[in-house]
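Colleague: I have the model open and would like a short tour. Take my questions in whatever order they come.

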Amino acid sequence: MEYNVKTEGEFKYIEAGEGKTIIVLHGLMGTLDDFAGVVKHFSKNGYKVLVPELPIYTLPIIKTNVKNLAKFVKNFMEYKNVPQATLLGNSLGGHVSLYITKAFPELVNSLVLTGSSGLYEKAMGDTYPKRGDYDYIKTKTEAVFYDPKTASKKMVDDLFKVVNDRNCAIRILALAKSAIRHNMAKDLPDMKIPTCLVWGKQDDVTPPDVADEFNRLMPNSELFWIDKCGHAPMMEHPDLFNEIVNAWFDKNNIK
């Protein structure tokens with residue numbers, strides 16, 4: 001990514017642009033690089049974009065859950081003196097965004113969810129993480145996308161390194177179980193803030209019926225589909241993703 005990553009105290013993050021704040025939250029296997037297109041586009045179009053690195057691999061095991069990731073983001077917002085923001089989350093990042101909206105509603109004025117967990121997500125397999133099996137990790141990483149070429153060698157190498165670190169692997173499993181425990185179905189009807197749902201039609205992790213269910217349960221949501229797209233629309237189709245979200249921001253006067 002072309003932006004400098006800042007490290008201040010417990011926080012490691014990217015900051016770009018000026019204007020209304022968008023806080024971007026990555027997924028369980030995600031990195032700050034996943035949102036390069038989002039940062040570039042919105043930081044040049046009247047928004048301040050903050051992308052904190054979630055402490056997925058550094059929290060104590062007993063605190064490695066959705067609830068404590070939400071508290072971390074709350075603390076980050078306080079540290080950056082952001083009283084309220086749009087939360088944009090992919091996969092687990094979407095789930096954390098939803099939990100923040102439930103627990104700290106005063107912090108969130110709108111949501112953008114893409115391939116979000118919180119209702120249902122397909123794990124990477126009962127045997128995951130399969131340590132030591134590079135081809136397995138490569139296949140599973142490619143399966144996240146409609147076009148397997150989106151999964152770069154660096155992405156596969158980084159994930160292979162993570163799952164072969166026992167402490168990291170344990171935390172991945174802890175968070176996967178936490179995501180299942182923290183099902184948001186009963187909470188969604190109470191979330192009345194504007195919500196933009198952007199989903200890949202070929203998402204195999206949080207399939208299309210999950211997007212339909214989010215849209216049905218959330219009273220102020222709008223659902224947009226991207227064809228030939230898997231679990232990470234902002235990576236596979238960054239320009240179209242940004243176009244959809246930008247138009248939705250304009251329509252809802254989120255500036």
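Colleague: Which residues of α5 are exposed?
Modeller: K153, K154 and K161 are exposed. Exposed means over 50% relative accessible area, buried means under 20%, and partly exposed is in between, with a 1.4 Å probe and protein chains only. Helix numbers run from the N terminus; helices are DSSP runs of H or I with at least four residues, and strands are runs of E with at least two.

Colleague: Before I go on, what sort of model is this?
Modeller: It is a predicted model, where local features need pLDDT of at least 70 and side-chain atom pairs count only at pLDDT 80 or more, while totals for chains, interfaces and linings use all residues. Residues are numbered from 1 along each chain as its sequence is written, and side-chain values use heavy atoms, with hydrogens and water left out.

Colleague: Back to α5, then. Which of its residues are buried?
Modeller: V156, L159, V162 and V163, in a helix that covers residues 153-163. Seen down the axis, these buried residues fall within an arc of 125 degrees, so they line one face of α5. The arc is taken from the directions from the helix axis to the C-beta atoms. The exposed lysines K153, K154 and K161 are on the other side.

Colleague: What covers the buried residues?
Modeller: The cover includes α4 (134-142) and α6 (166-181), with contact meaning heavy atoms within 4.5 Å.

Colleague: Which salt bridge involves K154?
Modeller: K154 pairs with D158, at 2.8 Å from N to O. A salt bridge is a side-chain nitrogen of Lys or Arg within 4 Å of a carboxyl oxygen of Asp or Glu. D158 and K154 are four residues apart in α5, which means about one helical turn separates them. K154 has 53% relative accessibility, whereas D158, at 35%, counts as partly exposed.

Colleague: How many salt bridges are there by that rule?
Modeller: Ten. One of them joins E15 and K48, at 3.5 Å from N to O. This pair links distant parts of the chain, with E15 in strand β2 and K48 in strand β4, 33 residues apart.

Colleague: Are E15 and K48 buried or exposed?
Modeller: Both are buried.

Colleague: How do β2 and β4 run?
Modeller: They run antiparallel, with four bridges between β2 (residues 11-16) and β4 (residues 47-52). Y13 stands opposite P52 in β4.

Colleague: What is the strand order in the sheet?
Modeller: It is β1-β2-β4-β3-β5-β6-β7-β8, an open sheet of eight strands with mixed pairing. Its edge strands, β1 (5-8) and β8 (221-226), each pair on one side only. Two strands pair if DSSP finds at least two bridges between them.

Colleague: New topic. Which residues touch the most other members of the largest nonpolar core?
Modeller: V96, L98, I100, L188 and F214, out of 50 residues. The largest share of this core, seven residues, comes from α2. A nonpolar core is a set of buried Ala, Val, Leu, Ile, Met, Phe, Trp, Tyr and Cys residues joined through side-chain atoms within 4.5 Å.

Colleague: What is L98 in contact with?
Modeller: Leaving aside neighbours within four places in sequence, the contacts of L98 include L111, L113, M184, L188 and F214. There is also a second, separate core of 29 residues, which includes V39, F145, A232 and I254.
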